[in-house]
Amino acid sequence: MSCGTLGGSPGSTGTLPSQNTRGGNTALVHIAGSTALLPLAAKAANLFHQHYPDVQVEAQGGGSVIGLRAVVNHQADIGDSDIYADPVLYPDPNLTDHIVCVGAFTLIVDPQVGITSLTTQQIIAIFTGKITNWKEVGGPDLHIKPVIRPNTSGTRILFRKYVLGGLKESGPTLTSDSSTAVLDAVAHTPGAIGYVTTTLVNPTVKAIGIDGVSATEHNIQSGKYKFWGYEHMYTLDNGIDATTAFLDFMQSAQIQQLAQKLGYIPVTAIQIAQQR
Amino acid sequence: MRFPQQHTLDRAFHRHEAGKMTEKPSSRRTPNPLIHVPIAPRLVLGFLLPALIAALVAGIIGLQSAQLLSQESSFYQQLFQSYAALTTGNNFLELMDVQVHATLNDALAPHASQEQLTADQKAVQGLATRYDTLLRGYVQHDLLAHHPEQSALFDQAGHPGLAGQQSLLASSALRTWEVYGQAQELVLQDLLDGQVQAAQMLERAQGEPTSADALSALRQLIQFDGRLTSFVQDATTLQERNQLILTLVAVVLVLVAIGVIGRLIYGTLVRRLRQLQRVAQAVQEGDLTSRATVDGRDEITEVAASVNTMLDTIVGLLEETSRQRDALVQAATRLFSDIRLANGGEFEVSAAVNKDPIGMLGNAFQFTVGRFRRFVVRTQKTIEPLEVLAQQELELATTFLATTRTLAHASHMTPPSTPFPSGASGQTTGEVKRSLRQEGEGRTAPVLISPERLRARVQLLSRQHVEHQGETVLHLVEQIAQHAQQMVSATRSRNIAGTHTAEAEGTLEMLLRQLSMEVQTSHQHLRQQLAEMEGMLTQLAISSNMIAGQPQELARLTEGFAQEVTTRAQQLRVLTQELRANLSLFRLDELERRPSFSTPT
């Protein structure tokens with residue numbers, strides 16, 4: 001994709017050398033991957049284009065695994081991911097992780113269910129099919145319909161690692177990895193339960209806590225809430241000016257504030273948490 | 001009296017006076033404290049300070065360079081250490097994974113020994129502990145976030161947010177390790193509990209993915225630290241550039257500092273010397289008010305003070321001169337007015353007893369005036385008798401003139417024998433002439449007689465009768481002549497009274513009567529002979545006519561002489577009056593009151 005060589009200082013100026021041009025003079029930065037990070041990536045792409053008109057940034061979804069594969073296969077410059085790149089699957093030592101923010105995830109239920117929180121054990125029981133009715137967990141007599149995301153979903157992997165403790169969900173899975181699809185499914189299926197990034201939560205669904213702890217920035221910082229993950233932007237060809245500039249732009253205060261506004265947790269907040 | 005420079009000096013003097021009254025406003029800024037230091041130490045300071053600054057800057061730059069080098073090396077060292085540690089950690093993680101799988105395999109073996117399992121478990125736990133310590137140690141000590149100066153350097157080098165990213169990666173590694181560690185513990189626990197199947201399942205479902213995550217996160221951290229080395233290169237390049245700039249700035253600063261110090265020294269030396277020079281220049285041009293600024297305690301200050309003192313002395317001398325000049329002018333003016341007064345005839349001169357030249361001149365003048373005054377007084381005294389004499393002479397001359405005129409008139413009218421009622425000097429000759437003329441009347445024939453014949457006749461006459469009578473007559477004539485002589489002398493003397501004249505006249509009258517008788521007697525004797533002589537006398541008369549004009553001529557001369565004397569006497573009187581009038585202009589009366597003058601000393 002890019003025939004450009006390394007050179008020049010990382011761009012913080014208004015114009016960038018068009019090293020990864022794909023026809024024409026406009027540099028194109030292609031982003032693919034996590035739908036959880038997509039809202040921020042898309043907005044950042046627009047803002048970046050306003051700052052650097054000669055750089056076009058395309059942000060697409062597709063899921064974290066798709067993003068990682070796209071990067072490794074040189075189909076995208078940046079692969080958004082909720083999960084880590086497994087060194088076994090992606091052994092390229094040049095694959096570089098850029099943590100841009102922290103994504104908080106929450107369980108969502110059909111508002112008819114009317115519960116506010118579930119314990120980890122209850123969640124595991126529900127998603128492994130041991131509990132099938134909401135009345136078993138203090139809800140109405142309603143069949144539980146877990147919405148399971150496909151294997152390419154980073155959110156699902158995070159959910160398994162940090163909530164289910166490695167256990168496998170049972171039940172029908174969605175065909176496409178899309179946070180909005182999960183949202184729609186949960187909103188329109190009575191007794192449904194799913195998980196989605198907090199940025200997309202809307203009144204059609206009800207977000208519930210885990211072990212009585214809701215997905216707030218404060219709870220994540222203090223370590224009480226565990227269903228969260230770093231939002232990664234993986235790159236393979238480091239030193240491409242436009243990409244580097246975009247990644248630096250992602251770290252900028254403007255984008256971090258935007259991330260906070262969108263429901264993400266800025267990296268600075270996590271850093272402070274780590275320092276304590 | 002007035003010198004050409006007098007005005008300049010006056011101006012200078014007055015300016016100085018004005019300057020004294022209104023002290024010069026010190027428009028100068030606050031004096032440099034350096035001027036309290038003597039020049040030599042100041043120069044030493046001026047040379048030492050820049051040298052010190054230069055040395056200091058060079059030292060600082062060298063020190064900084066050394067610091068930069070050591071910083072760089074320590075940076076690299078630290079990076080290398082952390083890199084090595086993380087790589088070791090990576091090995092630990094991989095070993096752990098291997099060991100966990102080995103443990104699982106051991107557990108799955110048909111005759112799994114509990115000891116083997118425990119040993120494997122301990123091995124895993126040992127690795128886990130080591131890794132945990134290593135990673136936590138890294139997070140606690142080796143993060144860029146703990147080395148703000150280094151992260152700042154990266155920020156400056158155009159790599160912002162490196163520290164943040166590193167912290168994120170580290171926390172990511174830590175979190176994944178924690179999750180993996182928990183999973184591992186659960187797996188081991190299951191194994192210890194004999195639930196090999198569950199352990200195997202857990203290992204596959206949670207252990208392996210989390211292990212991969214932990215490994216992935218750790219590798220990202222290692223990779224990041226690897227990338228840091230290239231960033232360090234950028235940072236050190238930047239730092240070197242900064243140092244170069246700093247060196248240049250320092251050089252410029254040192255130059256500026258040297259310049260400032262030089263300027264200060266210059267200000268404390270050259271400017272003040274210039275000021276001194278300006279003062280000298282101003283004084284040279286006549287401005288005696290100009291004074292050097294006396295600041296500080298150095299050599300220039302002393303010179304400035306000396307110059308000021310000198311100028312003060314000069315001004316004092318000028319004041320003294322001016323005062324003396326004023327006194328001289330005053331004395332001269334007074335003397336001049338005295339001279340004017342003296343010219344106007346007023347000899348009142350104020351005595352200026354000064355020892356200066358004017359005073360001496362005045363004294364000399366007054367001495368002269370005194371002498372002159374005495375001369376005038378004497379002259380005045382002489383004039384009065386002179387005037388009287390002139391008057392008398394005039395009167396006498398007038399009288400003499402009148403008498404002469406009368407006599408001249410009478411010589412034409414009176415008969416020759418008629419005796420003169422009053423004696424006069426010209427009578428004797430007139431009488432002789434008339435006698436001769438009467439003798440001549442007797443003769444009719446104007447026969448020329450030779451003087452020898454006439455004399456012989458006269459001798460004949462005198463030998464008989466006339467001789468005796470002639471002697472008597474001669475005697476009388478002598479007496480008359482004597483009296484006449486006395487009269488003449490009497491007229492000359494102004495002291496002889498008229499009584500003497502009357503007495504002489506009486507005597508003269510008597511003598512004349514005698515003479516008349518004598519003449520009558522001789523006349524009878526002579527008559528007869530006169531007839532004889534007539535002819536001769538007639539001739540004589542003719543010849544005597546020739547000399548008849550002589551008495552008239554004499555009278556005319558006498559009259560002329562008398563008139564001349566009168567005129568001269570009148571002139572003398574006029575002159576005397578003029579002299580008197582002139583002398584009267586001098587006010588001698590006032591002089592009398594102050595008769596003496598001090599003699600010049």
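## How chain A meets chain B

Colleague: How many residues of chain A are in contact with chain B?

Modeller: 28 residues of chain A are in contact with 29 residues of chain B (contact means heavy atoms within 4.5 Å). This is a predicted model: local features need pLDDT of at least 70 and side-chain atom pairs count only at pLDDT 80 or more, while totals for chains, interfaces and linings use all residues. Residues are numbered from 1 along each chain as its sequence is written, chains are lettered from A and ligands numbered from 1 in the order written, and side-chain values use heavy atoms, without hydrogens and water.

Colleague: What makes Lys161(A) and Asp213(B) a salt bridge?

Modeller: Their closest N and O atoms are 2.3 Å apart, and the definition asks for a side-chain nitrogen of Lys or Arg within 4 Å of a carboxyl oxygen of Asp or Glu, so the pair qualifies. The count between the two chains is one salt bridge.

Colleague: Why are H3(A) and H4(A) called oblique?

Modeller: Helix H3 (residues 120-127) and helix H4 (residues 154-164) of chain A pack at about 135 degrees, with axes 10 Å apart. Under 35 degrees counts as roughly parallel, over 145 as roughly antiparallel and 65 to 115 as roughly perpendicular, with the rest oblique; H3(A) and H4(A) are therefore oblique to each other.

Colleague: Which residues of H3(A) and H4(A) meet?

Modeller: Thr120(A), Ile123(A), Ile124(A) and Phe127(A) in H3(A) meet Phe159(A), Val163(A) and Leu164(A) in H4(A).

How values were computed
Axes are lines fitted to C-alpha atoms, for helices over the stretch in contact, and angles run from 0 to 180 degrees between N-to-C directions. Helices (H or I, at least four residues) and strands (E, at least two) are DSSP runs, numbered from the N terminus.
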